[in-house]
Amino acid sequence: MNEEQFFNQEEQKDKSKFSTREREFLRLCVYAVISILVCVLFIRIIWHWDATKAGLKGLLSSLSPFLVGFFIAYIMGNLSESLDKHILINVFHIEKESARKGLSLVLSYIIVFGIISGALFFIIPALITSITDMAESINGLYLRMLALVNDFSEKHQNPTMQYIKGAIQDSMPQYIEMFKQWATGIAPNLANASMSVVKWILNFIVAIIVSVYMLLDQNILVRNGERIIYATFTKKRADYICHIVGKANEIFSGYIIGKSIDSLIIGIICLIAMKVFNIGESYAIIISIVVGLTNMIPYFGPFLGAIPSIIIIFLAVSPKQALAFFVLIIVLQQFDGNILGPYILGDKTGLRPIWIIFAISIGGWLGGVVGMFLGVPCVAVISSILDEVVDKKLSDKNITDLEALSAEKGTEQKLLTRLYHKYVAGKDLKGSAVKVKNVKANNKKRK
């Protein structure tokens, strides 16, 4: 190699180093600009929160058909998959995949919307009648409740009862009047809101069309999502993300569909029991709907629906029927918690009761009733991720059996305690010391 070639190679190395430095500097500049823009956007969102909230509301309103369509497709997809697997393959033995897919989708929509249409056809007239009857008897309910409070306050004279009595007398009449106006004008209000109803129906039709196309293109959408994930992240990280998404889908679909079926059955059983045992008279339908809907919330749901229902039956019908309804709710709750719920849901969430209560509390604080319902599967997904992370960390440290490790530590601690007592007594330490040394050596081998 001559001197000129040597200097040319050195010059090329300097240029490559300089270009590498330039690329690093350019990357840092891009990251800095993006960080500044994100910070400015975040500050603007917080500073103009009312405008941001209005913009988000308008965006959600515009996207509502697609969001509703996605939710319908999510529910229908799981239902059609179950029909395909358990009925079309196992019962009818249909081998052609495209025929099974189309038939399962059609059956899913027929089943769901048939149930909804039949329920609306039979329930809405009875529901309007129950609300109207309640509006007509609400003055009597108020007077009866006031008489009970007066009687109780006379027997138990204290400032708390006087405060409760004054609050009822001051606030209840205006709420009663508001409820009467709403209940008696429910039919005219529905007629006057025809444009809103038409708009809602059109959005719902668009959502149905969107859900159908999503289900037809389900495999394409999933594949495109996977392509984006694998193009963005490393293969190991992308595999983990796809695993987490699949786990979340399994938890959410199993919980939402299972809990919906469970609550529907509980509502139907409640209605049948109230009709058979003549509990609640004309309020049976509206109370059964409340019980079924609130049963979607674990643990607290049945009692959230039972408390106002018991008060209505107690004031509008009789205390004896209110007591009978209370017994019915206890029986339903025990049947659901010990037999029906475990049979339908199994262990979909894998959460202990304390974490379910935690999920309901946080979800209710963040999103109200819907948050209380969705909080459980969200916490279940987070718990599943944390379990996998903790298991991996323990595996990296070669800790696979904590119970055995604790037992060995306990054995070592007992030997050390015995050795201490022998030392205090002034006896021979050699045998005990050897035993302790052997236990420690075994622990090191396990690690």
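Is Cys270 buried or exposed? I looked this up to begin with: Cys270 counts as buried because its relative accessibility is 0%. Buried means under 20% relative accessible area, exposed means over 50%, and partly exposed lies in between, with a 1.4 Å probe and protein chains only.

**Ground rules.** I noted that this is a predicted model, in which local features need pLDDT of at least 70 and side-chain atom pairs count only at pLDDT 80 or more, while totals for chains, interfaces and linings use all residues. Residues are numbered from 1 along each chain as its sequence is written, and side-chain values use heavy atoms, with hydrogens and water left out.

I then turned to Cys39, which counts as partly exposed because its relative accessibility is 45%. I also looked for disulfides, meaning pairs of cysteine sulfur atoms within 2.5 Å, and the count came to zero.

**The whole protein.** I found 15 helices and zero strands. Both are DSSP runs numbered from the N terminus: helices are H or I with at least four residues, and strands are E with at least two. Of the 447 residues, 26% count as buried. The accessible surface comes to about 30900 Å², and 68% of that belongs to carbon and sulfur atoms; such areas come from the Shrake-Rupley method with a 1.4 Å probe, and for residues only the protein chains shown count as cover.

Helix 10 spans residues 284-294 and is mostly covered, with eight of its eleven residues buried. Ile287 and Val291 are among them. I next looked up the largest nonpolar core, which has 20 residues. A nonpolar core is a set of buried Ala, Val, Leu, Ile, Met, Phe, Trp, Tyr and Cys residues joined through side-chain atoms within 4.5 Å. The residues with the most contacts inside this largest core include Cys270, Ile287 and Val291. Helices 9, 10, 11 and 12 each give two or more residues to this core, and helix 12 gives the most, with six.

What does Ile287 contact, leaving aside its neighbours within four places in sequence? I found Met274, Ser309, Ile313 and Phe325; contact means heavy atoms within 4.5 Å. A second, separate core has 17 residues, including Ile251 and Met296.

**A stop at Ser80.** I found Ser80 in helix 2, residues 49-89. Ser80 is buried because its relative accessible area is 8%. Not counting residues up to four places away in sequence, Ser80 touches Ser104, Leu105 and Ser108.
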